[in-house]
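Below is a short briefing on selected features of one protein model.

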Amino acid sequence: MRRALELAAHGLYTTDPNPRVGCVLAADGRSIAEGWHERAGEAHAEVRALAAAGAAARGATAYVSLEPCSHQGRTPPCSEALIRAGVARVVYALQDPNPQVLGNGASALRAAGIEVQGGLLAAEAAALNPGFVKRMQQGLPWVRVKLGASLDGRTALASGESRWITGKAARQDAQRYRARSSAVLTGIDTVLADDPALNVRLPETTRQPLRVVLDSMLRLPPAARLIEREGAPLVFTTPAALAASPARAALEARGVRLEAVPVESPGRLSLPAVLQRLAALECNELWVEAGARLAGAFLAAGLADELVVYVAPCLLGPDARPLALLPPPASLDARLAFRFTECTPVGDDLRLIARPAAATTTE
């Protein structure tokens, strides 16, 4: 099963919106074939392994990192393929949270006389697919908020200058997080200040995430760099702006997708509505790269599943811009509390990963 999980990780950047899955076929105490799911619409891990094994699959044990699917999606059901191949036993790590499967795959295998065992290394399998699990269970993507800061928690000078607080290695590391994400989200203030491309700039990149901008007043310039990149960006705005903004025609002519979502207060879009819509668009993992105001809004609303903070060994002083704009807590007991799950050197910087202290995670 550990080998199946290693194989599943090969699809870290490519399987979206499908889960990352690996499969090992074993007989007589040895592995006879392997497979992993590479991208949506192509063969699943079990089918690849069965094809590699051929007739040797009969009577073998299949170790799969996710319960074999039992429904017709982009490809036929894997449970049927396993039954036709004549495997004797199936061991899976994580029960598929997809309501169309959720135990049905295992039931179909048992009904065909195949021995089935589930739950082996389930936590490790869930860790590979936090967004898929959360989307299936809660109808929301897994949200990572990325921040780059000095030792004193500052993200830019008072003038706004921020390039570059962190080093090249940290910026490359953040690119890998972008690459595994379904979507990259920012706010219009960041677009107007920095004109970011928001694309993945890694040589091995085969898939670009959806670029998403929150723009309540529809101020996105038609010449913005993110419009010129691969794939049309998605802009969320207010119903009023969508109906009356003179910029709408120019943006749509450039291929920009415009959608209205409810507002929580004047000038502030409903972040839960944005996340629900992204989940409906099959967004598993959302990477938020935004300024202090929008980052703070995600944190204050309890919508961030993870903080990914790159800390540079420098000090910017009290007049520099803060990490996140948050309402002040009434007491220490009311503060936003997190727990560190990782501290990793990345070049000259540190990558800190933290999760809400009281959160029940999918992993």
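Helices (H or I, at least four residues) and strands (E, at least two) are DSSP runs, numbered from the N terminus. By that numbering, F338 lies in strand 17 (residues 338-346). The model is predicted: local features need pLDDT of at least 70, side-chain atom pairs count only at pLDDT 80 or more, and totals for chains, interfaces and linings use all residues. Residues are numbered from 1 along each chain as its sequence is written, and side-chain values use heavy atoms, with hydrogens and water left out.

**Strand pairing**
- Strand 17 pairs with strand 18 (residues 349-356) in the antiparallel sense, over eight bridges; two strands pair if DSSP finds at least two bridges between them.
- T344 has R351 in strand 18 as its bridge partner.

**Surface**
- F338 has 32% relative accessibility and therefore counts as partly exposed (buried is under 20% relative accessible area, exposed over 50%, partly exposed in between; 1.4 Å probe, protein chains only).

**Cysteines**
- The structure holds zero disulfides, a disulfide being a pair of cysteine sulfur atoms within 2.5 Å.
- For C78, the closest cysteine sulfur is that of C69 at 3.7 Å, which is too far for a bond.
- C78 is buried, at a relative accessible area of 1%.
- C314 is also in no disulfide, and the nearest cysteine sulfur, that of C343, is 16 Å away.
- C314 counts as partly exposed because its relative accessibility is 25%.
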